[in-house]
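Q: Could you show me how to read the way helices and chains pack against one another, taking one feature at a time?

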Amino acid sequence: MKNRFLQGLLAKAELGPLILLIVEIAVFASLNSDFISILNISNTLAFTVELGLIALAMTLLMTSGEFDLSVGSVFGFSPVLMWTLANSGATSLVVAFFVAILIAALIGLINGWFVTRLKIPSFLVTLGMLLVVRGLALFMTNGFPQRTWSASGAWLPRILAGEFYIGDFRVYASIFWFLGSAIVLGYVLTRTKIGNWIQASGGNPNAARARGVNVNRTKAGLFVLCSVMSALAGTISSIRTSAANPDSGTGYELEVIAMVVIGGTALTGGRGTIVGTVLGVLILRIMRNGIVFVGVPGLAYNIFIGAIILGMMALHSGLERRHNAGA
Amino acid sequence: MSEPLIRMERVSKSYGQVKALAEANLTVGESEIIGLLGDNGAGKSTLIKVLSGAVPLTSGEIFVRGRKVSFKSTSDAIAHGIETIYQDSALVTQLSIVRNLFLGREPLRRPRFLNQMDHAKMERVARDLLKRVGISKDIPPNTPIGSLSGGERQSVAIARAMYFESDLIILDEPTNNLGVAETKGVLSFIRSARDSGHSCIFIAHNIHHVFQVVDRIVVMRRGQVVADDIDPRHTSVDAVERVITGMSEEEEG
């Protein structure tokens, strides 16, 4: 029985990332004690959870067998749209925020429509959307950052990205959005009927269709979720940093996908883990932060990220083979 | 006289110039197991594909209990109580047995808006079904399909068709690649499916397997049904083989 428990634990996709995360933290902490200072943890967490919001949605989308390269563009575009509307005096900030979220949902819907109705691979559809949305952001602003004002008094910014202190520890409201989303989406993926449909859509879409699962609607819904979460992350980030650059979020799509696969979600669909993604998010962001702390040049960051991805992929494919062999 | 469960009338299917089905007729009664035999290219698979909604027919009509139907997809056919179990049995290998059994018809716990699957109920039903299929021994219902053998997968697919009260279960070569014990399990499962009121169409290359379970044998040749009332209890394997190859007609003629 004990042996079986141990085997079950070893077969878990999350075990590898968990060990990596612990080792990573231990190494950085032993090389520089400031690494685990309250200030550093607080600073690291602030942006980590913003990217994490996108990674959580991407986990569900990738489990359904698709992925979205336009998330970084939506991350940059949504706050630009929100501030442009608010600054022009056309609407209040709150209305502008909801318009930005709505437009993001529409972008996701278009992605989903192209992928499921026109049967174009998500790589091509979302690559096109990446360019369209980024182009929109640049065109709207002539490439200049948008004016943002300190919105700390208003209720919406406070709910999205307000800061408060627990002792000396500064926390942003976004961490609760992240934790809440992780719990809800983890529940959806593992416990609900929708979660079963998401996994089946990615694992064997034809079998799922034959059982009456609406694969197209499931996937389209996840594209919408992914876009909306990217817009939420973008606006949160913009409010926190008081900045709205039309080119912000460039390259985030690949970092987010890396976080998701490092956590153990299959790029080919059918299998996904929210717990793994939370670990993957932490692994990559802590790596970026820790490298600077221990004096490795920041430009070397990608070498480590690439190595982690390759190592984790080797581990996951090994587990997969054992799993299929019935071990 | 009451209407049969399935009636296919003058069903034809062409692929370009090739006539895979040429006005074939087939009826299936309630609680009846039919063995569908024929050489390669005789039209068995095409007939089954048409009946299961996998391919559209070129001409002809299909009736379910006297009501004319037209299937646009396999889920249409399933909704009419016709379930087809193919070799690879249309399961999602990454998902567990339980999750596959209930895919598309997951029971929900209350309150329903939480969309939570009733795992306790699903596992209870799965355990019971697996016992009936005869693969319950060491396999927990949460085992992923990917780690089951071919026979076990077939059995899961049959169990699913039975649980959801399909009226007609079509088995395309269910005993291919199965071991002796697994074959025995599948055959006895087909019998118990009939005994609980389901009908079956059983397609197999191994004519001996067909003889062991079916009530009636139907033979196809060149896209047509050439014999549809062979009683396996009163016919020899040799005689049926002659019908399949067309030797009997040549002898007579």
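Q: Which hand does the crossing of α3(A) and α8(A) have?

A: A crossing is left-handed if the near helix is turned anticlockwise from the far one by less than a right angle, and right-handed if clockwise; the crossing of α3(A) and α8(A) is left-handed. This is a predicted model, in which local features need pLDDT of at least 70 and side-chain atom pairs count only at pLDDT 80 or more, while totals for chains, interfaces and linings use all residues. Residues are numbered from 1 along each chain as its sequence is written, and chains are lettered from A and ligands numbered from 1 in the order in which they are written.

Q: At what angle do α3(A) and α8(A) pack?

A: Axes are lines fitted to C-alpha atoms, for helices over the stretch in contact, and angles run from 0 to 180 degrees between N-to-C directions. Helices are DSSP runs (H or I, at least four residues), numbered from the N terminus. Helix α3 (residues 38–63) of chain A packs at about 15° to helix α8 (residues 174–191) of chain A, their axes being 9 Å apart. α3(A) is therefore roughly parallel to α8(A), a term for angles under 35 degrees.

Q: Which residues in α3(A) and α8(A) meet?

A: Two residues are in contact if their C-beta atoms, placed from the backbone, lie within 7 Å. Among those that meet are L45(A), V49(A) and L53(A) in α3(A), and W177(A), F178(A) and L185(A) in α8(A).

Q: How many residues of chain B are in contact with chain A?

A: There are 19 residues of chain B in contact with 21 residues of chain A, and helix α2 (residues 74–79) of chain B gives the most to the chain B side, with three residues.

Note on methods: Helix = DSSP H or I, 4+ residues; strand = E, 2+ residues; numbered from the N terminus. Parallel < 35°, antiparallel > 145°, perpendicular 65-115°, else oblique.
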